[in-house]
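Hello,

Here is the structure for you to look at.

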Amino acid sequence: MSAQCPEPRPGGSQGQSPGPGRQCPPPAPPARWSLPRWRAYVAAAVLCYINLLNYMNWFIIAGVLLDVQTFFHISDSDAGLLQTVFIGCLLLSAPVFGYLGDRHSRKATMGFGILLWSGAGLAGSFIPRQYAWLFFLSRGTMGTGSGSYATIAPTVLGDLFVRDQRTCVLAAFYIFIPVGSGLGYVLGSAVTALTGSWRWALRIMPCLEAVALILLILLVPDPPRGAAETQGEGSAGGSRSSWFKDVRYLGRNWSFVWLTLGVTAMAFVAGALGFWAPKFLLEARVVHGLQPPCLQEPCSNPDSLIFGSLTIITGVIGVILGAEVARRYKKANPRAEPLICASSLLAAAPCLYLALVLAPTNLLVSYVFLALGELLLSCNWAVAADILLSVVVPRCRGTAEALQITVGHILGDAGSPYLMGLISSALRARRPDTYLQRFLSLQQSFLCCAFVVALGGGCFLLTALYLERDWARAWQPGTGTPDSKDVDSKDLERQALLSGTGASTEEP
């Protein structure tokens, strides 16, 4: 039976079917989505500001950890559990937010997360010392809210910018991981010194987050999925599929699998260092006789300020350096990005090992190697994010970010602070209760980080083996699922080159 369609009349109204044998005209294409260039950069600036606050919340407790331990009377293993609860709740919520971000308003989902984490942080600052379990619960709720932003924000940037433009914007976005982490230490330590109470550090953050929520509502758009690569015409890589099909596709995307394991190794080391390094350095100063032991709060820990400043400086330099080297080198080698990540992690392993073993004998040299290790780790954040956006079809990016966050935190920084604290407590239980033995116990619990970061370098080398194939398949029209048919390799290469020519922004 032939297709029937209404026929327009001279007056503009539509009449009855033209009858058998007449074909309907093709439907009108959807309107092209576009955004002035300046608005795209304003939106990126707002997302960077929120990312800064997000990571300040991750590590603000680490800057006042001794005060929190003294106030609630908790051991090293329980203190490590604070970060594990935070990240554990984040990873449980990430798949939910990834699913919502691929199918519903990303802007509303991020706004809900900001409200959740800021409210929980403010409530946590009023918990009395006899209800330590409530403080753990507030940290978990903050992690849940943080999961919405960490999952969705990079996908919005991926739909606003393309190619070198996207690499630069992602570099700026991921600079705020180390900057936010370092400012978390600095803010926690400085506010505690000024007010005499670590609680005020948690009460300042909601004021900054209220500003962030207003800016998100007013200035950040929600572009169509894949708008950058398809020149504003909407999602690339096929029609929307079920969550299970998306997961199956990602499980067979070997670039994504090995990339996720490499990022997991980075998260393991970053989580352990970020949570325990200020206390490790403080105990090193006590061992060297540079500072007396802390027996009651408030504890003066200049190493929170030093380590925070070190994290900010090495983070900014590392992210910019990694992104710029990747941008230049991938013009000559399409596998440049994973190779850069692998090289930096393999070089970071001996630096971290030397920083740990030299701390009892030469604190200054230990700081130098610690700074080099952090610099090399920071080189990878923006580059790894760009790899994910290039090898995954746009309609699956939210789910891919969520799965990477979930796996990275389950096997990475969700457990590493608790594992370090558990090993340290176990070693201390068998030794005399002296500051030297406490320090050595924490030092020895850290040594596995050097081994894990070297494993991460190997995972990025394996990512390089599959990168070109998965990149080409991600941008072949109609592909992106395991059931898609293979196409000619020349067509894949041509499509991969063409996929980056679109632009999501235009001049006003």
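**Cavities**

The count comes to five cavities of 30 Å³ or more. Please keep in mind that this is a predicted model.

**The largest cavity**

The largest cavity has a volume of about 660 Å³. Its lining is made up of 39 residues, and those nearest the centre are Y55, W58, I177, A270 and W381. By class, the lining of the largest cavity has 24 nonpolar, 12 polar and three charged residues.

Several helices contribute to the lining of the largest cavity. At least two residues each come from α1 (37–59), α5 (132–158), α6 (163–195), α9 (254–287), α10 (302–329), α12 (363–378), α13 (381–391) and α14 (397–413). Of these, α9 gives the most, with seven residues.

**The second largest cavity**

The second largest cavity holds about 100 Å³ of space. The residues that line the second largest cavity are L273, A277, F280, L281, L352, A355, L356, S366, L370, F446 and C449. Two or more residues of this lining are supplied by each of α9, α11 (336–358) and α12. The largest share again belongs to α9, with four residues. In this lining 10 residues are nonpolar, one is polar and none is charged.

Regards

Conventions
Residues are numbered from 1 along each chain as its sequence is written. This is a predicted model: local features need pLDDT of at least 70, side-chain atom pairs count only at pLDDT 80 or more; totals for chains, interfaces and linings use all residues. Side-chain values use heavy atoms; hydrogens and water are left out. On a 1 Å grid over the protein atoms alone, a cavity is a set of points where a 1.4 Å probe fits but cannot get out, and a pocket is an open set with protein on both sides within 12 Å along at least five of seven lines; lining residues have an atom within 4 Å of a point. Grid points are joined across faces, edges and corners, and a volume is the space filled by probe spheres set on the points. Ala, Val, Leu, Ile, Met, Phe, Trp, Tyr, Cys and Pro count as nonpolar, Asp, Glu, Lys and Arg as charged, and the others, Gly among them, as polar.
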